2 protein chains.
Amino acid sequence: MTHLPDSISALIAALTRLPGIGPRSAERVALHIVQTDNASVRHLAEAILHARQTVQLCTVCGALTEASPCRTCTDTRRDASLICVVERPVDIFSIEKSGTFRGKYHVLGGKISPLNGVQPEDLRIADLERRLASEPVREIILALGTDVEGDATAFYIAKVLTRPGLSISRIAHGLPAGSGLEAADELTLSHALSGRREMK
Amino acid sequence: MTHLPDSISALIAALTRLPGIGPRSAERVALHIVQTDNASVRHLAEAILHARQTVQLCTVCGALTEASPCRTCTDTRRDASLICVVERPVDIFSIEKSGTFRGKYHVLGGKISPLNGVQPEDLRIADLERRLASEPVREIILALGTDVEGDATAFYIAKVLTRPGLSISRIAHGLPAGSGLEAADELTLSHALSGRREMK
């Protein structure tokens with residue numbers, strides 16, 4: 001009945017798999033694409049492929065970067081005594097936007113979640129321990145989500161990493177309960193960073 | 001400060017040019033793309049290019065199609081005595097979804113808009129007149145938007161196409177004032193088609 005050309009239906013199906021793009025929105029984008037000038041469409045497709053091909057994970061901190069080690073890891077103006085631990089690479093961008101953190105980062109790559117089969121050894125915790133041995137780290141800030149798994153992960157890391165001369169804190173108020181970092185605005189994250197509390 | 005890798009920023013810029021995709025939504029999609037498996041990303045880029053390359057305009061009615069003439073024009077089960085005139089190719093899909101029209105289509109390619117430099121001769125009105133000479137058309141239904149330009153275009157076409165034995169109508173209530181066809185739901189379009197009124 002609807003009889004959209006097959007290639008448009010296929011494009012809609014591919015677009016619907018993107019986050020936040022529903023069927024209606026995908027249809028609108030697809031119909032726009034087939035009616036836009038060739039150059040713009042090619043530019044979009046190339047931007048997609050180029051981004052996917054050039055972006056990799058930093059071997060030191062796990063951030064998204066085009067060159068490893070990433071710009072944050074190699075930036076000597078950043079405070080190497082401070083490491084902010086986040087769950088996912090995109091969380092770094094959320095914190096950078098708040099403009100209140102000038103230390104280094106470490107991406108865990110997830111959070112401890114026995115129900116989903118994620119154990120501590122699946123996270124980049126051993127890498128973090130190696131960094132503690134080789135870098136002049138004096139404080140670790142855990143910037144994890146406030147859900148049960150985020151709590152469990154924070155407590156686990158605080159326990160595992162405890163050593164003399166190392167302060168371990170967790171970002172404080174501002175994060176709405178049960179949500180991740182990406183939904184927080186700059187001010188909320190700024191408050192959360194400055195209000196961090198020491199874990200023992 | 002934000003220091004997203006350049007290729008991600010470029011991708012966000014390209015995505016923001018799509019309809020209904022704001023900066024926040026584009027960022028979310030871009031960060032998803034660089035962290036998704038290569039095959040899915042390549043599939044998306046290819047779907048975009050393939051759709052743009054294979055979809056063309058039907059030389060008869062102006063619809064989006066992969067083969068010209070399109071499936072609607074070549075479908076002998078459809079009523080060739082009835083032509084529904086729409087502004088844009090995508091409007092055909094909106095009407096097809098309502099499931100209440102079994103005639104043929106004709107896409108104008110726009111609406112008369114002196115302010116935007118669109119004159120009657122810029123639209124596919126002469127093509128429509130040629131179809132009237134070669135096809136057994138008895139009724140034309142004008143399914144244009146309800147804004148001032150849509151009104152002007154409808155009246156212009158009704159005046160130009162008037163000839164003995166040809167009924168010219170315009171779809172009726174259901175279309176919210178000042179909006180185009182794409183925002184209407186199936187039922188509204190169904191009402192509008194059945195409630196059409198004769199123009200003289």
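A cavity is a set of grid points where a 1.4 Å probe fits but cannot get out, and its lining residues have an atom within 4 Å of a point. In this predicted model, the second largest cavity is lined by residues of both chains: N38(A), V41(A) and R42(A) on one side of the list, and L49(B), R52(B) and Q53(B) on the other. Two elements give two or more residues each to this lining, α3 of chain A and α3 of chain B. The volume of the second largest cavity is about 40 Å³. By class, its lining comprises two nonpolar, two polar and two charged residues.

The whole structure holds two cavities of 30 Å³ or more. The lining of the largest cavity has 12 nonpolar residues, no polar and no charged.

The largest pocket holds about 630 Å³ of space. It is lined by 34 residues, and those closest to its centre are L31(A), Q35(A), R88(B), V90(B) and E182(B). At least two lining residues each come from α2 (23-33) of chain A and from β1 (56-57), α5 (89-98) and α8 (186-194) of chain B. The lining of the largest pocket divides into 13 nonpolar, nine polar and 12 charged residues.

The second largest pocket has a volume of about 450 Å³. Of its 19 lining residues, V90(A), E182(A), E27(B), R28(B) and L31(B) lie closest to the centre. Helices α5 (89-98) and α8 (186-194) of chain A, together with α2 of chain B, each supply at least two residues of this lining. The most comes from α2(B), with six residues. Six nonpolar, five polar and eight charged residues make up the lining of the second largest pocket.

Helix α2 of chain B also packs against α1 of its chain. The axes of α1 (residues 6-16) and α2 (residues 23-34) of chain B come within 8 Å and cross at roughly 130°. The two helices are therefore oblique to each other. Their crossing is right-handed. In α1(B), the contact involves I8(B), L11(B), I12(B), L15(B) and T16(B). These meet P23(B), A26(B), E27(B), V29(B), A30(B), L31(B), I33(B) and V34(B) in α2(B). The contact residues comprise 11 nonpolar, one polar and one charged.

Key. Residues numbered from 1 in each chain as written. Chains lettered and ligands numbered in written order. Predicted model: local features only at pLDDT ≥ 70, side-chain atom pairs only at ≥ 80, totals over all residues. Heavy atoms only, no water. Axes fitted to C-alpha atoms, helices over the stretch in contact; angles between N-to-C directions. Helix = DSSP H or I, 4+ residues; strand = E, 2+ residues; numbered from the N terminus. Parallel < 35°, antiparallel > 145°, perpendicular 65-115°, else oblique. Left-handed = near helix turned anticlockwise from the far one by under 90°. Contact = heavy atoms within 4.5 Å. Nonpolar A, V, L, I, M, F, W, Y, C, P; charged D, E, K, R; others polar. 1 Å grid on protein atoms, 1.4 Å probe; cavity = no way out; pocket = protein on both sides within 12 Å on 5 of 7 lines; lining within 4 Å. Points joined across faces, edges and corners; volume = space filled by probe spheres on them.
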